[in-house]
Amino acid sequence: YQISATPYQEQNGKVQKWFGLCADIDTHIAALQQKEEFISIASHELKTPVTSLKASLQILDKMLSVSCDKKVTALLNTAIKSADKVSFLINDLLNASQYNAAQLQLRKSWFSVSLLTEDCKIVAKHAGCELVIQDRSSLSIYADSLRIEQVLVNLVNNAIKYAPDSGVILLEVEEVRGYAVISLTDKGPGISAAKVSQVFQRYYQVDSKGGQYTGLGLGLYICSEIIKKHGGEIGVRSVEGEGSTFWFSLPMGQPRYI
Ligand code: ADP
């Protein structure tokens, strides 16, 4: 139950009566849990057919690439890209329902941050963007490397998606008072001051109409859950029309240099 009370005061300030409200929110919570469960099951069910759809399209693409005309190959490429996108969205939904249920288990180990940043360079290159890494720290951290890679790739993908054709993306790594701080700066459109504090909220999108890039508004929420679970912080500095710097910090535990 959610209980609240409001005083009704006379002109001299003396409390004359109290108004009480007692709301049964159990049904509301149960409905929310049901919704989460449905999203989790539905995304699990969708994952397998989409994966096989993509694999079939890729095989078809290989079989036809020698003999077929360019129009067919172009159509197949579009179909593969769409399958990829659906698969990304399903992963986001799956992740979000897992994180909400606090089922995220971290598998921590010591690893070099530079291994992840080099992977990001490949991701950016694949998308035709230039990513410059500034890292003089050679840090090694104790964290879940797959989850941290997921965060970094998500931020890099956002920079590619929301700040295309805006020059290089800068990835910086430094140590600040026992924390590894990783930041990603783009020279894209930026985010207005009014909206910047909300981008880590679940399902939040700056342009709610979807704009050119449709997503689910879950990527940054998932990033923030992963970083919080590690005991770190995540944030963004942004100036509209100039660009954004997304950053996160991770406790390094016993600092080790490699
Ligand atoms: P999605 O990309 O699915 O919309 P995210 O949680 O990744 O969800 O991002 C939330 C919103 O933050 C996006 O809709 C976008 O408007 C904004 N955003 C994220 N990254 C950037 C960026 N690098 N530059 C400008 N806006 C961004």
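Is the crossing of α3 and α4 right-handed or left-handed? In this predicted model, where local features need pLDDT of at least 70, side-chain atom pairs count only at pLDDT 80 or more, and totals for chains, interfaces and linings use all residues, the crossing turns out right-handed (the near helix is turned clockwise from the far one by less than a right angle). Residues are numbered from 1 along each chain as its sequence is written, and side-chain values use heavy atoms, with hydrogens and water left out.

Helix α3 covers residues 113-126, and its axis sits 10 Å from that of α4, at an angle of about 35° (axes are lines fitted to C-alpha atoms over the stretch in contact, with angles from 0 to 180 degrees between N-to-C directions). Helices here are DSSP runs of H or I with at least four residues, and strands are E runs of at least two, numbered from the N terminus. On the α3 side the contact (heavy atoms within 4.5 Å) takes in L116, D119, C120, V123 and A124, while α4 brings residues including S145, I148, L152 and I160.

Helix α4 also turns up at the ligand, giving three residues, the largest share of the shell. Of the 17 residues around the ligand, N158, Y162, D186, Q205 and L220 come nearest (a residue is near if one of its heavy atoms lies within 4 Å). As for polar contacts (N or O pairs within 3.5 Å), the side chain of Y162 puts an N or O atom 2.6 Å from a ligand oxygen, and a polar backbone atom of L220 is 2.8 Å from a ligand oxygen.

Note on methods:
A polar contact is a pair of N or O atoms within 3.5 Å; within protein, one must be able to donate a hydrogen and the other to accept it, and residues adjacent in sequence count only if both atoms are side-chain atoms.
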